[in-house]
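Welcome! Please take a moment to look over the structure below, and then we can walk through a few of its parts together.

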Amino acid sequence: MTSADLSYVRTEMLGPQPAPSRARGFGAWLRANLFASPMDTVLTLLGLFLIVWFVPNMLRWAFIDAVWSGPDRTVCATVSQGGVRPDGWSGACWAFVNAKFAQFMYGRYTYSERWRVDLTAILFVLLLVPLLIPRVPYKALNALLLFVVFPIVAFFLLVGGYFGLRYVPTSEWGGLLVTIVLSVVGIAVSLPLGIVLALGRRSKMPAIKMICVIFIELVRGVPLVTVLFMASVMLPLFMPAGMTFDRFLRALVGVALFASAYMAEVVRGGLQAIPKGQYEGADSLGLSYWQKMCLIILPQALKLVIPGIVNSFISLFKDTSLVYIIGMFDLLGIVRQNFTDAAWASAQTPMSGLIFAGAVFWIFCFGMSRYSIWMERRLDTGYRR
């Protein structure tokens, strides 16, 4: 018997080979991302044209020709406008932001008591950051301190009137302080309340389902301006004579209820995305309704709708600016209010103040967005390798 010649069969695996020269390097990245098709090429060239046309002028206005310090409006006005700048000058008036920075942060909060606001902010950050980092231990204790103990401590610190602290009425609050308090309280209240409303809307008990549906559809059918107006102006008319609530508290309640209605629909979308087999599997294990929801359904549903939840948080953070219409001054409101200060009235002041406010809002919103993306990837078991 003769044996077949198998010399053409490879007896060992080939080692890794380098990628083709056209598929690696900076040139390959440009071809894949910016010039992959004729339309991509046109859009890339158009984008480059807009960048070349806009960015140098913006950088010149915001940094090169900007005024960073000064005593009053004269440093941000031209000679013909009563200032010291040459006619035709145009630049950012960061001196206005620098002079009004403390007011933008605290509003009219008593100067000698602003350390209480700083201490509250420090405590909030120290409790929030460990809760957002998965590897930090003692999450239950951390959550208890943040959601139960901290609100009580923050109330006594910010409002005062106890333990020898001077009482500071909410009418003196303003700036970023109001924006942060409204958004944090609204976020902290809207998520659990929205979950309850979403579960109630899917309930098989007609009365509970009807109450939740009416509340959700009624609140979602009107703008936040209407809710704030009702909470601030109309609510006292329905209260007994002599009984009233703090105006800031009314705004908090209105914002929280408004956000919870939208959050309920986001959570309901996540509940509908869970396969029926998950419900049947939980029932087969003999779990009660709340055990099934807390241990099986809600963890999966909330993971699916992380983008929607954070999108609602971002919208709520930006919508706090609407409290300006009921006489409260958040960050944007206090910036706009200072435009009427005759000591800083100039052509460059409004744009500088609005850009500063926009930058602050962008920092907070961008931070929430990036964290949600990171958390979504971390919880996505299909993404892990």
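## How α6 and α9 meet

In this predicted model, helices α6 and α9 lie oblique to each other, because their axes cross at roughly 45°, an angle between the under 35 degrees of a roughly parallel pair and the 65 to 115 of a roughly perpendicular one. The two axes come within 5 Å, and α6 passes α9 in a right-handed crossing. Sorted by class, the residues in this contact are 22 nonpolar, 4 polar and 3 charged.

Why give both an angle and a distance here? Two packed helices are described by the angle between their axes together with the distance between those axes.

Which residues of α12 are buried? They are Ile 306, Ile 309, Val 310, Ser 312, Phe 313, Ile 314, Leu 316 and Phe 317. These buried residues pack against four helices: α6 (176-201), α9 (247-273), α11 (289-304) and α14 (349-379).

Is Phe 361 buried or exposed? Its relative accessibility is 13%, and since buried means under 20%, Phe 361 counts as buried.

Leaving aside neighbours within four places in sequence, Phe 361 is in contact with Thr 179, Phe 317, Lys 318, Ser 321, Asp 330, Leu 331 and Leu 332. Among these, Phe 317 is one of the buried residues of α12. Ser 80, by contrast, is 281 residues from Phe 361 along the chain, and their C-alpha atoms are separated by 35 Å.

## Two loop residues with positive phi

Most residues other than glycine have a negative phi. Tyr 138, in the loop between α4 (114-132) and α5 (139-159), has a positive phi of about 60° although it is not a glycine. Tyr 138 is exposed, with a relative accessible area of 66%.

Phe 163 lies in the loop between α5 and α6. Its phi is also positive, near 55°, and at 73% relative accessibility Phe 163 counts as exposed.

Conventions: Residues are numbered from 1 along each chain as its sequence is written. This is a predicted model: local features need pLDDT of at least 70, side-chain atom pairs count only at pLDDT 80 or more; totals for chains, interfaces and linings use all residues. Side-chain values use heavy atoms; hydrogens and water are left out. Buried means under 20% relative accessible area, exposed over 50%, partly exposed in between (1.4 Å probe, protein chains only). Contact means heavy atoms within 4.5 Å. Axes are lines fitted to C-alpha atoms, for helices over the stretch in contact, and angles run from 0 to 180 degrees between N-to-C directions. Angles under 35 degrees count as roughly parallel, over 145 as roughly antiparallel, 65 to 115 as roughly perpendicular and the rest as oblique. A crossing is left-handed if the near helix is turned anticlockwise from the far one by less than a right angle, and right-handed if clockwise. Ala, Val, Leu, Ile, Met, Phe, Trp, Tyr, Cys and Pro count as nonpolar, Asp, Glu, Lys and Arg as charged, and the others, Gly among them, as polar.
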